[in-house]
Amino acid sequence: MTKREQYEAKVEAWLLPVLEEHHFELVDVEYVREVGVWYLRAYIDKAGGIAVDDCEIISRKLGEWLDKEDFIDDSYILEVSSPGL
């Protein structure tokens, strides 16, 4: 398993119970490098669609956990969003 896959799996494992608590579902987690910048992205959804406030709630919780655990070696940008249409 690559480092990227390990990061994605660890984030996914932590996110699933948090999202379930809020009645959200996890669509995908990806750790990708684009134009020299690393991004950790979590795509979430729920019945009726995700709002910006929903993304903010999960982003704050995930960001706090990531800061505490500090297992990602690279600098990265955290994004939580809906998968869109």
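Predicted model: local features only at pLDDT ≥ 70, side-chain atom pairs only at ≥ 80, totals over all residues.

Two strands are taken to pair if DSSP finds at least two bridges between them, and the strands themselves are DSSP runs numbered from the N terminus. An open sheet of 3 strands has the order 1-2-3, and its pairing is mixed. Strand 1 and strand 3 stand at the edges, each with a single partner strand, so one side of each has no neighbour in the sheet. On average, and with direction ignored, neighbouring strands are turned by 15° against each other.

Strands of a sheet pair through backbone hydrogen bonds, and they do so in either a parallel or an antiparallel way. Strand 1 and strand 2 run antiparallel and are joined by 9 bridges, and one example is Leu26, whose bridge partner in strand 2 is Ile44. These two strands form a hairpin with 2 residues between them, and Val35, in the turn, has a positive phi of about 50°. Strand 2, which spans residues 37-45, runs parallel to strand 3 and is joined to strand 3 by 6 bridges; here Ala42 has Val80 in strand 3 as its bridge partner.

Two helices accompany the sheet. Helix 1, residues 3-21, packs on the sheet and touches strand 1 and strand 2, and its direction makes about 150° with that of strand 1. Helix 2, residues 52-69, lies across strand 2 and strand 3 and runs at about 145° to strand 3.

The aromatic rings form the next part of the picture. The structure holds 6 aromatic pairs. How are the rings of Tyr31 and Tyr76 placed against each other? Their centres are 6.4 Å apart and their planes stand at 75°, and because planes over 60 degrees apart count as edge-to-face, the pair is edge-to-face. This pair links distant parts of the chain, since Tyr31 belongs to strand 1 (residues 25-34) and Tyr76 to strand 3 (residues 76-81), 45 residues apart. Tyr31 counts as buried at 1% relative accessibility, whereas Tyr76, with a relative accessible area of 25%, is partly exposed. Both tyrosines belong to one aromatic cluster, formed by Tyr7, Trp14, Tyr31, Trp38, Trp65, Phe71 and Tyr76.

Lys10 lies over the face of Phe71, at 4.4 Å from the ring centre, and the charged end of Arg41 sits over the ring of Tyr39, 4.4 Å from its centre.

Note on methods
Residues numbered from 1 in each chain as written. Heavy atoms only, no water. Phe/Tyr/Trp six-rings, centres within 6.5 Å; stacked < 30°, edge-to-face > 60°. Helix = DSSP H or I, 4+ residues; strand = E, 2+ residues; numbered from the N terminus. Buried < 20%, exposed > 50% of the residue type's maximum accessible area, 1.4 Å probe, protein only. Lys NZ or Arg CZ within 6 Å of the ring centre and 35° of its normal. Axes fitted to C-alpha atoms, helices over the stretch in contact; angles between N-to-C directions. Contact = heavy atoms within 4.5 Å.
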